[in-house]
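Subject: Structure for your review

Dear colleague,

My findings follow directly after them.

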Amino acid sequence: MTNSIIEISNLNKTYATPDGPYTALQDVSLTIPEGSIFGIIGLSGAGKSTLVRCLNGLESTTEGTLTVLGKSIPDLKPGELRELRKSIGMVFQQYNLMPSRTVENNVALPLKRSSLNREQKKARVTELLQLVGLESHAKSYPSQLSGGQQQRVAIARALANHPQILLLDEATSALDPDTTKTILELVERLNRQLHLTIIVVTHEMNVVEQICTEVAVIDKGTIVEQGDSFTVFSDPKADLTRRFVSNSTGLSRIYELIDSDSPILETGPDERLIHMQYVDKTVSEGLVSIISTRFGLTVNILFASLDIVDGYPLGSIVAKYKGSDAQIDQALEFLKGKGIRTTVIEPGAAKADIDAVETTTVENTDKENAR
Ligand code: ADP
């Protein structure tokens, strides 16, 4: 069994503000397994930074327990906390490099107080630059590097003291999609190569789905959903998770089309719009033709997407089914039996908020399927 490296239990954090106490974190409980790449995803203002600051002891906690590497953070003395922080490498959105220092001198900064001699420090810096693929830029200044390269320097610097945990706080949010991908590939390699536990704090689902094995979704200071990334994103329970999935798969654009009364999505009396979600592309392709022949339906695919979450395919199809109520109900029942999640998109309800639409229709579908 995997050991946990961070244990958070019923954590509350309240800020004192001129308008009275403000609860930024409420009843947060999380277990982060050693060696995992753990995503914490939420919108701006959700409490992610507060949680990160509590984790490394920069912010006091109000209630609850918080253990990092077996040590209770609220009980540590300042000296012990400084020592523990060496085990947590931090990388931020804005790189935070010293512009007047070369790449190698930036990476060497955390080694200033280490017991290594000059030669050993030099060797360590070279090793770190090799690790992130920047050995040929040792003498460059940050301004001479691209954003992605600067972030690599920041990662090398964060690893200088051999931390066991690497915490990335919106580390790819300022980077373009291609650079984000290469940085995430580097992070994944570091996780394997150095057996690092990596915590990825982000507002972007594509970041989580690319590398995180587990995820916690945070909304208004509360963890609304957590589990392995594939399960959370293939069967989202919380409204916020559904919204992340809709935006990431492009499904939200279908709802926008419905809202704008697009003729493509108009349904006649014997037609229904169905959203199908599946975990294996080949299975679903076969099933679409099976349901048309077996139940005498016309299935017209309007939208299809395939997301790769933690290495597994997660597909989405929106199709117009044409047939009688009984035929469509039988087809939905059949798909349910094959592990395909189906959601009836009610055209009348499409003007409402996307989350409300999905929640209502899921319930309707479940009821219909249960009949
Ligand atoms: P995120 O990182 O997810 O954007 P934060 O943790 O920065 O969220 O903030 C969560 C909430 O707590 C926000 O509403 C923010 O305004 C509030 N907050 C953060 N820091 C303080 C503070 N020092 N004093 C009062 N309120 C704060």
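I begin with a loop residue: His195 sits in the loop that joins H6 to strand E8 (197-202). Please bear in mind throughout that this is a predicted model. His195 is exposed, because its relative accessible area is 66%, and a residue counts as exposed over 50%. Its backbone also deserves a look in the viewer: the phi of His195 is near 55°, a positive value in a residue that is not glycine. Most residues other than glycine have a negative phi.

A second residue with this backbone feature is Asn10, which has a positive phi of about 45° and is likewise not a glycine. Asn10 is placed in strand E1. With a relative accessible area of 40%, Asn10 is partly exposed.

**The chain as a whole**

The protein chain contains 13 helices and 14 strands. Its C-alpha atoms fill a box of roughly 80 × 50 × 40 Å along the principal axes. Of the 371 residues in the protein chain, 49% are buried. The accessible surface of the chain amounts to about 17,800 Å², and carbon and sulfur atoms hold 50% of it.

Two further values describe the chain. Among its contacts with a separation of 6 or more, 70% are between residues 24 or more positions apart. As for charge, there are 37 positive and 47 negative charges, and their mean positions are 9 Å apart.

**The ligand and its surroundings**

Which residues are closest to the ligand? The ligand is surrounded by 13 residues, and the closest are Gly45, Gly47, Lys48, Ser49 and Thr50.

In the side chain of Thr50, an N or O atom lies 2.5 Å from an oxygen atom of the ligand. For Tyr22, a side-chain N or O atom is 3.0 Å from a ligand oxygen atom. Ala46 takes part through its backbone, where an N or O atom is 3.1 Å from an oxygen atom of the ligand. The ligand taken alone exposes 560 Å², and the protein buries 64% of that area.

The elements that each give two or more residues to the shell around the ligand are strand E1 (4-17), strand E2 (20-33) and helix H1 (48-55). The largest share of that shell, four residues, is supplied by H1.

**Individual residues**

Asn56 is found in the loop between H1 and strand E4 (63-68). Is Asn56 buried or exposed? Asn56 counts as buried because its relative accessibility is 5%, and the cut-off for buried is under 20%. Setting aside residues up to four places away in sequence, Asn56 touches Leu81, Arg85, Ile88 and Met90.

Thr172 also belongs to a loop, in this case the one between strand E7 (165-169) and helix H6 (177-194). Its relative accessibility is 6%, so Thr172 counts as buried. Apart from neighbours within four places in sequence, the contacts of Thr172 are Thr180, Ile183, Leu184, Glu204 and Val207.

Glu188 is located within helix H6. Glu188 is partly exposed, with a relative accessible area of 28%. When residues up to four places away in sequence are not counted, Glu188 touches Ile37, Gln210 and Ile211. Glu188 and Ile198 are 10 residues apart in sequence, and their C-alpha atoms are 8.8 Å apart in space.

Finally, Arg294 lies in helix H11, which covers residues 281-295. Arg294 is exposed, since its relative accessible area is 55% and the limit for exposed is over 50%. The C-alpha atom of Arg294 is separated by 59 Å from that of Ala158, and the two residues are 136 residues apart along the chain.

**Points to look up in the viewer**

- The ligand site, including the side chain of Thr50 at 2.5 Å from a ligand oxygen atom.
- The positive phi of Asn10.
- The positive phi of His195.
- The buried loop residue Thr172.

With kind regards

Note on methods. Residues numbered from 1 in each chain as written. Heavy atoms only, no water. Buried < 20%, exposed > 50% of the residue type's maximum accessible area, 1.4 Å probe, protein only. Contact = heavy atoms within 4.5 Å. Areas by Shrake-Rupley, 256 points an atom, 1.4 Å probe, with all protein chains shown as cover. Lys, Arg positive; Asp, Glu negative; His and termini not counted. Charge placed at Lys NZ, Arg CZ, Asp CG, Glu CD. Near = heavy atom within 4 Å. Polar contact = N/O pair within 3.5 Å; in protein donor to acceptor, adjacent residues only side chain to side chain.
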